[in-house]
Amino acid sequence: MSMEMVAWQSMYQAAHATEEKRPFSRATLARIGTFAQPHRRRIAAFLAISVIVAALAVATPVLAGRVFDTIEAGGPLGVVVTLALLIAAIAVAEAGGGIVSRWLSASLGEGLILDLRAAVFDHVQRQPVAFFTRTRTGALVSRLNNDVIGAQRAFSDTLSGVAGNLVQLVLTLVVMLALSWQVTLLALVLLPVFVLPARRMGRRLASLEREAAEHNAVMGTTMTERFSAPGATLIKLFGRPEHETREFVARAARVRDIGVRTAMVQWVFVSALTLVSALALALVYGLGGWLAISGGVSSGDVVALALLLTRLYAPLTALASARVEVMSALVSFERVFEILDLPPLVAEPTRPTPLPEGPLSVEFRSVRFGYPSADKVSLASLEEVARLDSRGGEEVLHDVSFRAEPGQMIALVGSSGAGKSTIAQLLPRLYDVDEGSVRLGDVDVRELSFSAIRGGLGLVTQDGHLFHESIRSNLLLAAPEASDSDIWDALERARLADLVASLPDGLETVVGERGYRLSGGERQRLTIARLLLAKPRVVVLDEATAHLDSTSEAAVQEALGEALAGRTAIVIAHRLSTIRAADQILVLEAGRVVERGTHAELLARKGRYAELHHTQFDQPTTHSPVALAGS
Ligand SMILES: Nc1ncnc2c1ncn2[C@@H]1O[C@H](COP(=O)(O)OP(=O)(O)O)[C@@H](O)[C@H]1O
Ligand SMILES: [Mg+2]
């Protein structure tokens, strides 16, 4: 390794050391051990090769010294040729060993990345919806990318850095001391001059780099937010583009200044180190030459010492910063483990109860529920704000009970914020109740496997999400085995077949985020088609027809009626016309069921339902709610 590379490397390591000086956590080390465990054969092979390569690296200077001594002694030629051939053989062996050890460390490192990524992805996917509503996607993605790679780099750097360098350092020192202890000690005197500034400069660079990273992160967030279609629209309508540009350019300019300064600091540092090592070399020549002339050592020894010196500084510097490497390794690992340690608030039972066959009943038994507070579902380091949401934990549903017999339809009505969507979300276990139970087919949903819940229940919400994928794959998400004729049948019934057929790419048209822009109503009908395709036994519709105009609503309503036939259904509708046929209507206010009964019963009661009904269907001028309640 060249002097300059060593200098760069130690600068890099010092700059990437974290300020925190946490004690070595035994638990973290043990867990890294469990990740390293499956690779232990390769680690052992890697260490063995490192030792061999290090020994070879020390052998060459010694042989070169012997060549000089033989030349000075005037022969024999055979020895010189043999030594030269040996040096050549060692060079070949070193190159070969280098390839093998590089392959080993690369496959170890990449293997570790794979293991960590698989573990984190799988674990994050198991987190409840509450986790995703709180965490910043960017922060999460960065954990999966940067920290996993940081952990890997630190792992393989530590492995090759510590193991290989330690062997090389010890061997080089032993050989140098054997050749001449005076020269060796003198060469080591300059060492602190080499290592100490690396630390100091490293710290300065680290703070500069951190500042640059912050600016870059803010610029990145600004760009992803402002350059998304909705963000760009908002800026065009209400924003101040000149101000935005000024702010952005100011940050970019600061990054430029930091870049120039970093480059200069690094250059000064590298030059200084190159100078120090050149001075040490001069010392070896001076003192070694004097010793050689006075007969203490041979001239071949001086050559060997000079060559060995260049192989002494590299491992010394690397080892000096090894502590730093281990620290950053632990920090990266801890950031990854922090995610792996977050227990999913909604967990699958180890021994799930099977879901009964046939139509299913749906029951809420004295359910009390409050959205979980931030500290229960998320990590402060992943949150948009470090402050906890004070609303978390407040009870949203108070003692809600109802039962839909198999095949029945229950309708939920009530003003906005009453808790209707919350009820819909408790059924598929997007959240768990605090008290009471939610039962599907007379089984507590907490005793069912997630796949049984997914297979038995379909939820369509007002803002049905579509992935940036083809219409076909968006539909197949719910029913991977569905055939093309099933898909067209579902589209037909969702009154969407004509539209899809008219698209140039038909089923292959990419929709969602950046794809073909479906209108709100079309998007909604597509999510209904997805539901029809999945054929769940229990259907939950949360204002699923809210985006539709009256004509298409009537059409979709017809389709839904067909889909709901024979199925248990929980329907939340803001238009009361759609729920007249319900077997039971629940009126919800502030998290409580305040009225229940059929349409006719509730109208006759002249309570809250009747009030809502008249508000929607009477002429706006002919009543006031108070008058109605009293009439
Ligand atoms: N993710 C959430 N975290 C915390 N509170 C929530 C969340 N979602 C809804 N709420 C609150 O729960 C209450 C009921 O909301 P919701 O069930 O969506 O009402 P509805 O669907 O009847 O309009 C409201 O007070 C709302 O602010
Ligand atoms: Mg709602």
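**Exercise 1.** State which strands helix 22 lies across and at what angle it runs to strand 9.

Solution. Helix 22 covers residues 608-617 of this predicted model. Helices (H or I, at least four residues) and strands (E, at least two) are DSSP runs, numbered from the N terminus. Helix 22 lies across strand 3 (409-413), strand 9 and strand 10. Its direction is at about 90° to strand 9; axes are lines fitted to C-alpha atoms, for helices over the stretch in contact, and angles run from 0 to 180 degrees between N-to-C directions. Contact means heavy atoms within 4.5 Å.

Two notes on the model apply throughout. Residues are numbered from 1 along each chain as its sequence is written, and chains are lettered from A and ligands numbered from 1 in the order in which they are written. The model is predicted, with local features needing pLDDT of at least 70 and side-chain atom pairs counting only at pLDDT 80 or more, while totals for chains, interfaces and linings use all residues; side-chain values use heavy atoms, and hydrogens and water are left out.

**Exercise 2.** Give the strand order of the open sheet of six strands and find its edges.

Solution. The order is 6-7-8-3-9-10, and the pairing is mixed. Two strands pair if DSSP finds at least two bridges between them. Strand 6 (457-460) and strand 10 (592-597) each pair on one side only, which makes them the edge strands. From one strand to the next, the twist averages 15°. Glutamate 589 has arginine 592 of strand 10 as its bridge partner. Helix 19 (residues 520-534) lies across strand 6 and strand 7 (538-542), at about 175° to strand 6.

**Exercise 3.** Describe the open sheet formed by four strands.

Solution. Its order is 2-1-4-5, with antiparallel pairing. The edges are strand 2 (395-404) and strand 5 (443-444). Six bridges connect strand 1 (residues 362-370) with strand 2. Phenylalanine 364 is placed opposite phenylalanine 402 of strand 2.

**Exercise 4.** Name the residues that touch the most other members of the largest nonpolar core.

Solution. A nonpolar core is a set of buried Ala, Val, Leu, Ile, Met, Phe, Trp, Tyr and Cys residues joined through side-chain atoms within 4.5 Å. Buried means under 20% relative accessible area, exposed over 50%, partly exposed in between (1.4 Å probe, protein chains only). The largest core has 45 residues, and Leu491, Leu526, Leu541 and Ile579 touch the most other members. Helix 19 supplies the largest share, six residues. Apart from this core lies another, of 35 residues, including Val362 and Phe402. Leaving out residues up to four places away in sequence, isoleucine 579 touches Met409, Ala411, Val413, Val571, Ala573, Ile585 and Tyr609.

**Exercise 5.** Explain why the buried residues of helix 7 are on the same side.

Solution. In helix 7 (residues 181-189), the buried residues include Val183, Thr184 and Ala187. They are on the same side of helix 7 because they cover an arc of only 100° around the axis; the arc is that of the directions from the helix axis to the C-beta atoms. The face turned away from the buried side carries the exposed residues Trp181 and Val189.

**Exercise 6.** Find which residues glutamine 557 is in contact with, leaving aside neighbours within four places in sequence.

Solution. Glutamine 557 lies in helix 20 (residues 550-564). Its relative accessible area is 25%, so glutamine 557 is partly exposed. The contacts are Thr545 and Thr578. Threonine 545 is twelve residues from glutamine 557 along the chain, and their C-alpha atoms are separated by 7.9 Å.
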